[in-house]
Amino acid sequence: MPRGRGSSASVPEKPKVDEGVSSDKDNSRHRRSPYLLLGLLILFLHGSWSVYRMQFASLPLPLDAEQAGKRGFSEASALKHVKYLSGLGPHPVGSDSLDLAVQYVYAEAEKIKKTAHWDVDVQLELFHTDIGANRLAGGLFNGKTLLYSDLKHVILRIVPKYLPEAEENLILVSSHIDTVSTTGGAGDCSSCVGVMLELARGVSQSAHGFKSGVLFLFNTGEEEGLDGAHSFITQHHWRNSVRFAVDLEAMGISGKSTLFQGTHHWALESFAAVAKYPSAQIATQDVFRSGAIKSATDFQIYQEVAGLPGLDFAYTDTTSVYHTKNDKMELLKPGSLQHIGENMLAFLLHAASSPKFMKDAHQAKQESTEEKRAIFFDVLGMYMVVYSQRLATMFHNSIIFQSLLIWGTSLLMGGRPGLVSFGISCLSIILTLIFSIFLPVVVAFSLPHICPFPVSFVANPWLVIGLFGSPALLGAFIGQHIGFILLNKHIKQVYSRTKPGLTGNTVDYIVGLEAERWIFKSGFIQWLIVLILGTYLKVGASYVALIWLVSPAFAYGLMEATLSPVRSPKQLKVVTLVLALAVPVVSSAGLFIRMVDVMVGSIVRVDRNPGGLPDWLGNVVVAVGIAIVISFTFVYLLSYVHISGAKRTLLSVLCALFGLALLLVSSGVVPAFTEDIARPVNVVHVVDTTRMNNGNTDPLSYISLFSNTPGKLTNELTDLRGEEFSCGRNMTVDFVTFTVKYGCRSYKGSNTGWSKSEVPVLHVESDSATDDDRRTVVSVDTKSSTRWTLAINRQEIDDFTVDVDSEQLVQLGGKSEVDGWHTIQFAGGKSSPTKFQLTLFSSNATRSSAEEAKVEDSPLLVKLRTDVNRVTPTVEMILEKLPHWCTPFGKSTSPYTLAFLTALPVNI
């Protein structure tokens, strides 16, 4: 980077004070006004918020059917479908309500078929799947085998008549009809189904000019482990004609549906060329694929199993309502469906009409991994930038090389004084980050002890500005100011040797200006390090570091830098800061705010094993995330504060914001949860038969209460007085897919609402052994349940197979494990089989030590949980009594409201 005026790295010279340095009595007048800096801070924050609103909250006006016309997209028409589907209530796999939902979608698709353009061929199928097995390699599915049966999908194929080759070149548009058992799924994903039906109507009026066909897949089973997409891509006769896949999803409700995964440069460019309201962020792809977000979409099937190129879209607004009762129509923002509808309709019309698009899709599998990848992001929701990963790497390496060359030359010319200044600048970066993290983390640790709930800001995310943002900014300033003081001391020593003729006040003033410039330039060092790491690790969002490095460096070089080593430094210009931050704020401020917002919303379900995480951990995660953003983005702005009169003002403002936020959350004036943004609390009627293997004749039944949000259930129990709940870490429940490590339990009324005929059975049919190997055959009868989970102890079992009706579903070999267990999850419709044969293979040496153990100490060989989608009278009463700010939360691994547990010990 160019050296600033009067750098401490300059060569010794005769004492000289140029006209850029004021006299002693005027130095104080050049200190920046606190009002100026307060104005700059407000401008920076308001500009960032405005960018966020434009980029993520600015939605198009919804159109009705008349305004959209026959070939346009109407949100009003799509909302009719969403209203009906979400009005059915929860419709998980195997439920009557899902049958009604499938029938509705099929009936609406028939209407589309009847009203299609006369030169368009529309084929409609109700696809009934065979039993199948899905074993994905990565992500959430490591250590799992997913089985499914009796799923029903609605498939609508739209192709131009008289063009047979279009039938062999299909663009797949996919989403799911089913929901989890705890929500009507207005966002996830009835909104997607409504959009797809309206898209299909529009496409059916325009497909006569297509070169390719469009296939709409309305699948079921997605919420149980992507079973619907897997069954289609492995079983349906049209699967081999699909060349490109588009998946529509929701990890929240409404807002802009953002393109968050894309496979190929040409596909992303095609979308960018026609999208009317582009919303795309490769940063979300980086986070999603890193595993930080514990979720998956059908897009993983289309990539991993079918090897298809494609695009993946999702809603991320209000992610705290994900999979809860609050995923409802009332929270769908007007314009949300219009946004994704117009974007997707334009893309489908363009892609299906373009011979080049399908040619690129055919060639996709022959491209190398580097050629496939691309960098993509939108600017203010109006423009979309797309360029290849190869170009990004070349450009980043060029900037890195030039930066290192300039810094190296500058330090070489500056000698030892410049090198020491550089080292102190690097130290200031570290101190800024440490202090910025330390203060909000202290607050995060303290909140569980002074607030009614450990996580006290989910319903009102703006509170994190005061709770964590203010301490983080204060810490960043303290850390940077320590670096500033150290630079002052070092530069003053240099000036005392090289410019002994300067008076005391003048020296202090010049030294302060010099230190200010080094602190400003420390931002270059900081973002250069991030750029180097991001480029090396091939992080897509490295473009953010590039912008935060190049734009301020250019502004500094344009407004401040000089090649003259003689002139003394001047105060940094305000216009330099404005120019430096304009492009970074416009390009990435909205992204930073959205990432924090998603992080806050996800905290409500962060504890995958309820009670397994400390109460403070969720707060710490949010605090650290905010602190990192602040310490990196405020580095340039804070450098203007050190020689100003704004230090006390800044301290006062930040302390006031923190005190106000803390007062609001600790007093309960601002509630931690509301009816619309509720705390996930699950109520499960458990029938535990594991004791029956130890000689007991009766199952143990009880009501289990637990939450995926960190914190105890003390406040919830206030409304459950008389239900005889006991809480603590001794109330553990092993639900096979997870373990409740803190929860509440009640035995009151738990013996009703279920029967012994529903209790699943694990029966050892045979157990034979040779000199080295052992083969155990276990019959599994899940009774009335068509949703179950079985875990196999891989420390005791070398391999296994699963058979049903003499058909082998799971074959030997290729099984991974997590924590020593391999899990089988089954989900299916009403006609699914309930009897299976499990064959276990092990060596005698593996099992001999366990057999010698006492019965009560023997580990489990197999664990089974069966779920029944029925609310027992006791559970119903407890659900009614729960506070309005509580809601059940569901996912593929969650039990239904009635769950049966059984197991086999190793010493069978």
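Start with helix α1 (34-57), which gives the most to the lining of the largest cavity, with 4 residues. Helices here are DSSP runs of H or I with at least four residues, strands are DSSP runs of E with at least two, and both are numbered from the N terminus. This is a predicted model, where local features need pLDDT of at least 70 and side-chain atom pairs count only at pLDDT 80 or more, while totals for chains, interfaces and linings use all residues. Residues are numbered from 1 along each chain as its sequence is written, and side-chain values use heavy atoms, with hydrogens and water left out.

**Stop 1: the largest cavity**

Select Leu37, Leu38, Leu41, Val641 and Leu650. Of the 13 lining residues, these are the closest to the centre of the largest cavity. Its volume is about 140 Å³. On a 1 Å grid over the protein atoms alone, a cavity is a set of points where a 1.4 Å probe fits but cannot get out; a pocket is an open set with protein on both sides within 12 Å along at least five of seven lines; lining residues have an atom within 4 Å of a point. Grid points are joined across faces, edges and corners, and a volume is the space filled by probe spheres set on the points.

Now show α1, α19 (635-638) and α20. These elements give two or more residues to the lining of the largest cavity. By class, that lining has 12 nonpolar, 1 polar and no charged residues. Ala, Val, Leu, Ile, Met, Phe, Trp, Tyr, Cys and Pro count as nonpolar; Asp, Glu, Lys and Arg count as charged; the others, Gly among them, count as polar. The structure holds 6 cavities of 30 Å³ or more.

**Stop 2: the second largest pocket**

Keep α1 on screen. It also gives the most to the lining of the second largest pocket, with 12 residues. This pocket has a volume of about 1,300 Å³. Of its 45 lining residues, Trp49, Trp462, Val464, Ile465 and Ile593 are the closest to the centre. The lining divides into 31 nonpolar, 9 polar and 5 charged residues.

**Stop 3: two helices crossing**

Select α13 (residues 389-450) and α20 (residues 647-667). They pack at an angle of about 30°, with their axes 10 Å apart. Axes are lines fitted to C-alpha atoms, for helices over the stretch in contact, and angles run from 0 to 180 degrees between N-to-C directions. Contact means heavy atoms within 4.5 Å.

Show Val443, Leu447 and Ile450 of α13. Then show Phe658, Leu662, Val665 and Ser666 of α20. These residues make the contact. They divide into 6 nonpolar, 1 polar and no charged.

**Stop 4: the seven-stranded sheet**

Here 7 strands form an open sheet in the order β1-β4-β6-β5-β7-β9-β8, with mixed pairing. Two strands pair if DSSP finds at least two bridges between them. The edge strands are β1 (120-128) and β8 (257-262), and each pairs on one side only. The twist averages 20° from one strand to the next.

Zoom in on β7 (residues 242-250) and β9 (residues 310-315). They run parallel, joined by 6 bridges. Valine 246 has leucine 311 in β9 as its bridge partner.

**Stop 5**

Which strands stand at the edges here? First, the order: 5 strands form an open sheet as β19-β20-β25-β22-β23, with antiparallel pairing. β19 (761-769) and β23 (807-810) stand at the edges; each has a single partner strand, so one side of each is left without a neighbour in the sheet. The twist averages 25° from one strand to the next.

Select β22 (residues 799-804) and β25 (residues 835-843). These antiparallel strands are joined by 5 bridges. Threonine 801 stands opposite threonine 839 in β25.

**Stop 6**

Go to β10 (residues 374-379) and β11 (residues 383-388). They pair in the antiparallel sense over 6 bridges. Phenylalanine 377 has valine 385 as its bridge partner in β11. The two strands form a hairpin with 3 residues between them, and leucine 380 in the turn has a positive phi of about 60°.

Now select aspartate 188 and cysteine 189. The peptide bond from the former to the latter is cis, with omega near -5°. Cysteine 189 is in helix α5 (residues 186-204).

Finish at valine 736, in the loop between β16 (733-734) and β17 (739-740). Its phi is near 75°, a positive value in a residue other than glycine.
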